[in-house]
Amino acid sequence: MASGIRDKVVILGMGCARFGERWDCGADDLMLEAFEEATRDAGIERDQLEAAWLGVFYDEQSVSKSALSLSMTLRLPQIPVSRVENLCATGTEALRGAAYAVASGACDVALAMGVEKLKDTGFGGLPERTKGTFEDLWQPGFTPPGAFAQLGAAYAAKHNIPIDELRRAMAHVSVKSHANALHAPKAHLRKAITTEQVLSAPMIAWPLGVFDCCGVSDGAACAIVTTPEIAKSLGRRDAVAIKALQLVASNGYELSHADWDGAHTPTTRRAAARAYSEAGVKDPSREVSMMEVHDCFSITELVLMEDLGFSAEGHAPTDILDGRYDRDGRNPCQTDGGLKCFGHPVGASGLRMVYEVYNQLLGRAGERQLPSPSLGLTHNLGGIPNRNIASVSLFGLKTL
Amino acid sequence: MSGIQSWGVCIPRLRISRKTIGAAMGWLNPSLKSARGERSICNWDEDSLTMAVEASRSALPDLSSREQVRTVMLASTTLPFADRSNSTVLASALGLADSALTFDVTGSQRSATAALAQALGSSGVGHTLVAAADRRLARPGSDQESSFGHGGAAIVVGSDPGVAELVAHHHRAADFVDHHRLTDSSFDYSLEERWVREAGWQTLVPETLQALLTDAQIAANDIAHLVIEAPPAVSRKIASLAGIRENALIDNLAAQCGQTGVGHPLILLASALENAKAGELVLLVGFGQGVDALLFCTTSKISSYKPSRRVAEALAERREETEYTRFLSHCGVLPVEFGMRAERDSRTAQTVAWRRHNDVYAFMGGRCTHCGTVQFPRARVCVAPTCRKPGDQQPIPLAEQTARIKTFTEDWLAFSPRPPLVYGNVAFAAGGNAFVEFADYSPGEAKVGDDVRFVFRLKDVDRTRGFRRYFWKAAPMNSAAVGS
């Protein structure tokens with residue numbers, strides 16, 4: 001039995017560019033903005049990096065295929081640099097690369113960078129892309145909101161909840177995230193909204209209105225990781241340690257098998273079970289202080305509250321309306337506004353989530369700081385409900 | 001002698017009222033204001049090929065009946081491809097044996113009756129499928145815009161007399177140019193109606209019918225059903241001139257669907273056969289640069305034959321198109337702004353389309369030889385969580401399966417020529433799941449748990465290269481059960 005990654009790697013420093021419609025920036029500017037913050041935070045020099053991972057999804061859109069955009073932009077000291085991509089779990093994938101390299105002893109200090117420059121398409125929403133030469137012949141010409149909206153129809157049918165009632169709970173997900181983002185200076189959308197605004201907004205993909213959808217943003221986030229021993233040698237006393245990094249890729253079950261009900265994400269359930277096991281978490285709703293989940297759409301967050309083991313089956317809507325996942329609730333979710341409001345530059349999102357957990361655990365979250373959080377969860381759902389990559393990661397404070 | 005074994009028709013579900021057309025275009029052509037009835041129109045994803053597939057499925061509802069088909073003729077003047085065998089796509093969609101002889105028949109409104117005569121005259125071993133469909137375009141404000149319809153039919157013939165045996169046939173070739181359409185043109189150029197009626201229909205047709213009846217030594221008065229698509233007054237005149245009883249004439253369906261082109265005589269033939277008794281003479285007329293006349297006698301099998309979809313049922317399955325400009329857009333005569341999302345390149349990798357043509361055209365899934373799990377697409381390794389074993393999966397045709405809606409959405413962001421794009425996951429009755437586009441669903445119509453059937457439709461049009469690709473879509477079981 002593998003011993004896992006728990007406590008073998010700590011985060012030495014993190015950075016995050018301001019997310020938003022950064023008409024003034026290219027991907028290189030965004031990466032530099034995040035990197036400069038991270039190196040200041042880590043207190044190391046660029047030449048101390050021994051390896052780097054770049055996560056970017058829409059490569060055609062901004063930086064092209066290879067890892068060269070990272071090494072050339074940062075003028076890295078001729079070290080191994082790899083580009084990774086795993087749909088919306090891309091940023092987390094970059095962190096996995098860096099963390100495993102450090103944990104294996106292959107290098108002492110590694111960089112994980114995630115970036116996406118989305119607002120060069122000329123139209124709203126995510127870029128259009130081929131789904132594969134065979135897939136294009138038969139799969140629908142779907143959009144991400146349309147793909148995720150189907151969770152709503154299936155969830156309402158499965159639990160026999162009137163769609164208007166479900167939409168009210170979904171609306172609260174967005175209202176909560178907008179409220180949280182007011183206190184996140186780097187967030188893309190910083191404006192409070194009301195449930196009525198959400199419910200009366202134009203329909204994007206039934207039952208998702210425009211306020212049920214996350215922001216399409218430019219941004220970058222990065223982490224510099226090392227071993228606990230090296231962090232201690234650099235004078236650190238407390239550090240944010242990686243407790244678990246788990247990732248599950250669909251094997252086609254949801255897409256091809258009749259049994260999947262379309263109202264949950266089996267990959268998230270499996271990844272969560274493994275992550276809790278790796279981190280030694282017995283009861284997530286008691287032990288996890290906060291979470292940043294993949295709220296690409298309001299219905300996604302709602303469904304995830306069950307898939308991650310917080311709400312009981314069929315109870316997410318009432319838990320949400322009861323304020324359980326509000327910033328002052330029992331299980332605060334998206335304290336920085338989440339994908340919904342902080343923004344969703346695809347390749348950066350996984351690392352942006354870690355950035356929020358990292359700052360909260362270190363007590364640096366400013367106006368949105370939670371009282372003494374000790375364990376934070378991040379979750380990505382790359383792809384679409386019927387074929388996806390789910391990642392669940394846990395981070396906790398470790399005294400060195 | 002050879003005869004008709006079965007038939008099927010396809011009338012697209014959408015109808016536009018001639019009042020709607022008149023209200024929009026009466027300023028130009030005041031006679032349109034008084035036009036009555038409605039005409040059938042293709043949805044954006046229907047064309048002559050998809051209608052031919054649908055009519056043929058109806059004519060060949062059982063997969064076993066398709067095993068007997070050795071020849072496929074597809075008649076149309078509006079085939080999507082000028083040089084790519086449309087009939088071979090039809091044969092693929094039906095899952096016919098790849099040893100079938102397939103060919104397209106085109107060039108005249110008589111294409112279908114000519115093909116039918118040829119099929120009946122040359123029937124040997126096995127059956128011949130004669131499919132016909134047209135999606136003729138017309139300029140806004142033209143008479144044809146109101147009088148045309150879209151539709152198709154399919155007739156299966158064989159050496160057995162079947163339900164209606166061919167008694168005689170007679171043909172007349174005459175380069176009578178009542179209208180013409182050039183190869184590179186979308187629209188007909190039509191000559192004066194009075195001349196067409198008097199010198200064409202009312203002269204050429206009676207002459208041909210008389211020649212046929214004389215040759216066959218049949219008394220005109222014995223004809224029980226005269227299948228002729230001309231306007232009622234013209235048909236009455238023809239009947240009178242040929243000595244055929246006026247009550248032998250059948251409704252030309254102009255009020256319900258319009259004149260649907262090459263397939264129209266076959267739709268009317270289906271309508272006649274549905275109402276025919278055993279031992280009756282049915283005379284079919286095709287008109288277009290000449291005349292085809294085919295005389296059938298129904299057999300005792302006619303009384304027990306149940307078409308899988310009667311003409312009346314196809315006509316009853318309707319939904320009104322109230323947006324005249326959307327109709328124009330579907331016809332391609334009104335270039336609307338679809339936005340930047342429509343710019344996505346839909347180039348087809350033909351290497352892949354060929355490699356996977358059974359998946360895409362015949363909608364063939366796989367059944368695991370170890371655990372029996374049905375899955376789409378057919379895979380090298382079973383998807384069942386408890387199996388996941390490699391092995392050649394048995395092909396399983398899914399097109400005639402029903403399925404249940406598991407998830408769906410109405411997507412207003414995605415590009416669709418008819419927003420919203422409706423799609424979702426459906427579970428087959430036989431097992432397996434497919435993530436597919438839906439056809440013929442209006443907003444608010446789909447429900448989780450509802451049953452769907454599958455229809456062969458246009459999936460994407462490659463706007464750069466013009467290529468059209470097809471796949472199967474989930475459609476409502478029965479429009480009678482849903483609102484408009």
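Trainee: In chain B, among contacts between residues at least 6 apart in sequence, what share join residues at least 24 apart?
Mentor: This is a predicted model, in which local features need pLDDT of at least 70, side-chain atom pairs count only at pLDDT 80 or more, and totals for chains, interfaces and linings use all residues. Residues are numbered from 1 along each chain as its sequence is written, while chains are lettered from A and ligands numbered from 1 in the order in which they are written. A contact here means two C-beta atoms, placed from the backbone, within 7 Å. Of the chain B contacts between residues at least 6 apart, the share joining residues at least 24 apart is 71%.

Trainee: What radius of gyration does chain B have?
Mentor: The radius is taken over C-alpha atoms, and the globule rule is 2.2 Å times the number of residues to the power 0.38. With 484 residues, a compact globule would come out near 23 Å, and chain B agrees, at 23 Å.

Trainee: How much of chain B is buried?
Mentor: Buried means 20 or more other C-beta atoms within 10 Å of a residue's own; exposed means 12 or fewer, partly exposed is in between, and C-beta atoms are placed from the backbone. Out of the 484 residues in chain B, the buried part is 51%.

Trainee: Over how many bridges does strand 18 of chain B pair with strand 19 of chain B?
Mentor: Strands pair if DSSP finds at least two bridges between them. Strand 18 of chain B pairs in the antiparallel sense with strand 21 (residues 451-461) of chain B over 2 bridges. In strand 19 of chain B, Val422(B) stands opposite Glu410(B). Strand 19 (residues 421-428) of chain B also pairs with strand 18 of chain B in the antiparallel sense, and the bridges number 8.

Technical notes
Helix = DSSP H or I, 4+ residues; strand = E, 2+ residues; numbered from the N terminus.
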